[in-house]
Amino acid sequence: MKIPPENDQFALSNDRISSLLDDIPLINNFKGKWSSIRAKLSDLRTQLMDVSEFPNSSSSPLSVDFLHSVLEVLSEAASLSEKCRNPELSDGKLKTQSDIDSVLAKLDSLLKDGEVLIRSEILHDGAVSSSSSRREAVRAESRNLITRLQIGSIESRVLAIESLLKLLNEDDKNVTIAAAQGIVPVLVRLLDSSSLELKERAVAAISIVSSVDGVRHLMIAEGLQLLNHLLRILDSGSGFAKEKACLTLQPLSLSKENARSIGSRGGISSLLEICEAGTPGSQASAAAVLRNLASFGEIKENFIEENGVIVLLGLLASGTPLAQENAIGCLCNLVAEDDNLKLLIVREGGIELLRSFWDSAPSVHSLEVAVELLGLLASSSPIAEALISNGFVDRLLPALSCGVLGVRTAAARAVHELGFCTKTRKEMGEAGFITPLVNMLDGKSVEEKEAAAKALSSLLQYTGNRKIFQKEEKGIVSAVQLLDPSISNLDKKYPVSLLASVMISSKCRKQMAAAGAGLYLQKLVEMNVDGSKKLLECLGRG
């Protein structure tokens, strides 16, 4: 049958609805169901009138598709009404009843599609001219795709979401524009779809949105509804879908409330299973989510119950570099202030695995978590001895001079922990640790300066290291500058301790006085900083 032009389709649809409304009172079979059909046809006629009033109703592809679908359902309903006017019901009662229910469902779907079409701004949008801005073109396309994702068949929605993924992958600005048009709640609703293909593409699109800082809040605002969908995907989705779900969970799991929800809904168990048997990409993403979750103390018990440390060590042994880095980051969060977990890591071969990762790290940046874990493990003296015997002192020295602030700071903290005995302090001093630590006293951040002062205060407990420090041209002056009360968030007890260790030298006392230590110490005494009063008195006597 030849499809009439769009301008005629509104009239044809209205004619067919009028004809059906006239025929329905003549039907004696299934009167209740036909009464429902009659009510829906009346609503549909009203919708068609509303759609026809839009300026682009005849040219919009979505409007045209909608009208084609309307005509198909009306033809089916007309054929069925003719059969039902025959008392004998040629197709049988059960088959006819099933056909009527099918028409009712299709009319429901058409009414929902029509409502979406009318609510959307797509029928207001004209063709985008070549002179239109790129932003306006993306905005119009986003509205078009958002509408297409809500109406029509599964196949047409899959095509729409493929176009959306292409648009989102082009540019972060496109993501921002699409999010402003309302794409996020539409994508979240698609996660409820019966179509696996549509669901997978929806979670892929959501993961792209989650990666853009400026619109991430819109995704977070979806709350538990989105969380529950993502956790179901972790349980039963494909490897691809699980990886995208984990990418989406990464920013969501930074919130304590969401972390608690993930833990209470079995999310940690699902994530650990992915770490054991998932695809390489999904393992790295799952470990990143676990790393966030482990930062919340109340979630730690879930990890212990699920044997999480063993799983993470397994990933450290065989995962991709990114998966290994995230596994180490998660272990750092888990073992902080927990000596039992530290000992468990050592018993399960964690020191050897850490050494292997350290030696094969793809970049200096990725070493930061490894150096942090080293420092945390070294806070336990028996473990520190094992770390030293495994060559970590030699590995730590280059980290103090690298170009990555976080690595340098973590390395200085690890020096403090490893310098727990005279033998190690002597070894570090002779190996050349003093000079890079002195350089860090003038570092870029307060954290770096404090870590360096703390490490030096430990190393200078060995007399030989004091002599090395005194030879450093700027050592005393840099340490005195850290006494300045205007430098906030820096624990003054470390530079005080550092300077007190070399106070016996008259040359050092003169350097301190010349650098203004007396004035700073007077203020620190008023602030009750440990050791400041004694240091000031010694400086005064000198």
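In this report Ala, Val, Leu, Ile, Met, Phe, Trp, Tyr, Cys and Pro count as nonpolar, Asp, Glu, Lys and Arg as charged, and the others, Gly among them, as polar. The structure described here is a predicted model.

Helix H21 (367-378), helix H24 (405-418) and helix H27 (446-459) each contribute at least two residues to the lining of the second largest pocket, and the largest share, six residues, is that of H24.

The largest pocket is lined by 18 residues, of which Asp65, Ser69, Asp113, Gly152 and Ser153 are the closest to its centre. To this lining H3, H4 and helix H6 (154-170) each give at least two residues, with the largest share, seven residues, coming from H3.

The table sets out the spaces by volume and by the classes of their lining residues.

| Space | Volume | Lining by class |
|---|---|---|
| Largest pocket | about 490 Å³ | six nonpolar, five polar, seven charged |
| Largest cavity | about 40 Å³ | three nonpolar, two polar, three charged |

**The cavity**

One cavity of 30 Å³ or more is present in the structure. Leu80, Lys83, Cys84, Leu89, Ser90, Asp91, Thr96 and Asp99 line the largest cavity, and helix H3 (61-84) and helix H4 (93-119) each supply at least two residues of that lining. The largest share, three residues, comes from H3.

**An aromatic pair**

The ring centres of Trp358 and Phe392 are 5.6 Å apart and the planes stand at 65°, which is over the 60 degrees required, so the pair counts as edge-to-face. Because Trp358 belongs to helix H20 (residues 350-360) and Phe392 to helix H23 (residues 392-399), the pair ties together parts that are 34 residues apart in sequence. Both Trp358 and Phe392 are buried. Phe392 also has Arg395 lying over the face of its ring, at 5.7 Å from the ring centre.

**Gln522**

Gln522 is found in helix H32 (residues 517-526), and its relative accessibility is 44%, so this residue counts as partly exposed. Between Gln522 and Ile262 there is a separation of 260 residues in sequence and of 52 Å in space, taken from C-alpha to C-alpha.

Conventions: Residues are numbered from 1 along each chain as its sequence is written. This is a predicted model: local features need pLDDT of at least 70, side-chain atom pairs count only at pLDDT 80 or more; totals for chains, interfaces and linings use all residues. Side-chain values use heavy atoms; hydrogens and water are left out. Helices (H or I, at least four residues) and strands (E, at least two) are DSSP runs, numbered from the N terminus. Buried means under 20% relative accessible area, exposed over 50%, partly exposed in between (1.4 Å probe, protein chains only). On a 1 Å grid over the protein atoms alone, a cavity is a set of points where a 1.4 Å probe fits but cannot get out, and a pocket is an open set with protein on both sides within 12 Å along at least five of seven lines; lining residues have an atom within 4 Å of a point. Grid points are joined across faces, edges and corners, and a volume is the space filled by probe spheres set on the points. Rings of Phe, Tyr and Trp (its six-membered ring) pair if their centres lie within 6.5 Å; planes under 30 degrees apart count as stacked, over 60 as edge-to-face and the rest as tilted. A charge sits over a ring if NZ of Lys or CZ of Arg is within 6 Å of the ring centre and within 35 degrees of the ring normal.
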